[in-house]
Amino acid sequence: MECAWYLCVCSLLCVWPAAAGHPCSIDSKGWADCSGKSLLHTPDSLPGNITSLDLSFNSLAMPRSGTFLIHFPSLRALNLSNNIIPMLYPAVFSNLWALHLLDLSSCNISHLHPDAFQGLRNLHTLLLKNNKLQILRLPAFLAFGALVHLDLQNNDLLSVDALVLQLMERTHQILLQGNPWVCNCSMYPFQQWLQQRRGVQVLCASPPELQGQEVKTLNFQDLGCRRKQRFSQAQLSLGRKLLAIMQRNDTTTTAATTTSPAGKGGNSWPYLVGFLVSAIGISILIALAAKCKLFHKNFASYRHRPLPDTSSMGGSHAERGAAWGENQFMPSAAGLQLEDDDGFIEDNYIQPSERLQEED
């Protein structure tokens, strides 16, 4: 009996170091399963040539600076769902250039840094469902060059920017159900975009009179717009140019990061976004100024010149006109006399009858 107990203890001591140092299971295809292991960090014992990694249902801490999973450049699929990740910091996935699938579902994400997806040029599928995203910012989606599937279901999205929609033209499948969409006039570009997409169903959450109605079936009057709004050709061309520029910059940055330290990517996107916003604003102001009748009316009123004051000038109409023309350049004698008038009545203005009364 004692011998059997001794053998059992010895076998446990032999197996324990391997189990403690390697909590994940790896199959022959290079897929590592580390789901539900209560991990705070990625195990260091994982081989660097794995192609798929499941880290769901853990307690991972994402780095605020630098890259995540820096020792696994060959990853093609990464599952981080059901971890508490309130915010994605810049360039956290910048070394995963071969990644095709990224699952960030149910991670309590409320904010995406503009450079959060930097380096993911080959990403095909991005799953962001069941999070707390309220705004989709343009720079965050400029990093993708081959995105095919985007899942944004069950977030807190209220509307989508028109330029973000233009960048999603190449994304074949977009899931947007379960968001509290506000159906007002600002949603009209989104409604136009939905009419061109198949299989995308979006329902209004407010106002109450439109709750439950599909956005695609509404018109501009239902959304409270006075007139139809369309994507201008300037906006479309600027969006495409911006996308092309960002793609070239990202390619240059990727090439530069192979010889420079990680985390030092290009930050030229704020200048490009500022240029885009300025160009759109100037074009809108010019269009409003050209079409505003009140502007033309007020501008024409400044061409009127004041009429001359003829009450203090004698002579005929022709003489007064000539005198007024000369008064534009130098003051006349009559004008000087008017300025020197002290307010007393001259003798020439007293009637003869009044003089006789005074002499009597």
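Modeller: Helices (H or I, at least four residues) and strands (E, at least two) are DSSP runs, numbered from the N terminus. The model is predicted: local features need pLDDT of at least 70, side-chain atom pairs count only at pLDDT 80 or more, and totals for chains, interfaces and linings use all residues. Residues are numbered from 1 along each chain as its sequence is written, and side-chain values use heavy atoms, with hydrogens and water left out.

Biologist: Where does Thr67 lie, and is Thr67 buried or exposed?

Modeller: Thr67 is in the loop between strand E3 (52-54) and strand E4 (77-79). Buried means under 20% relative accessible area, exposed over 50%, and partly exposed in between (1.4 Å probe, protein chains only). Thr67 has 15% relative accessibility, so the residue counts as buried.

Biologist: Which residues is Thr67 in contact with, leaving aside its neighbours within four places in sequence?

Modeller: Contact means heavy atoms within 4.5 Å. With those neighbours left aside, the partners of Thr67 are Ala91, Val92, Ser94 and Asn95.

Biologist: Why is helix H3 described as largely enclosed by the rest of the structure?

Modeller: The buried residues of H3 pack against helix H2 (162-167), strand E10 (173-175) and strand E11 (181-182). Among them are Tyr188, Phe190 and Trp193. Helix H3 (residues 188-195) is largely enclosed because seven of its eight residues are buried.

Biologist: How many disulfides does a search of the whole structure find, and what pattern do they follow?

Modeller: A disulfide is a pair of cysteine sulfur atoms within 2.5 Å. The search finds three disulfides. With bonded cysteines counted along the chain, the pattern is 1-2, 3-5, 4-6.

Biologist: What is the handedness of the disulfide of Cys183 and Cys204?

Modeller: The sulfur atoms of Cys183 and Cys204 are 1.9 Å apart. Cys183 lies in the loop between E11 and H3 and Cys204 in strand E12 (residues 204-206), so the pair ties together parts 21 residues apart in sequence. The torsion about the S-S bond is about -100°, so this disulfide is left-handed.

Biologist: What is the handedness of the link of Cys185 and Cys225?

Modeller: The sulfur atoms of Cys185 and Cys225 are 2.1 Å apart. Cys185 is in the loop between E11 and H3 and Cys225 in the loop between E12 and helix H4 (233-257), so the pair ties together parts 40 residues apart in sequence. With 125° about the S-S bond, the link of Cys185 and Cys225 is right-handed.
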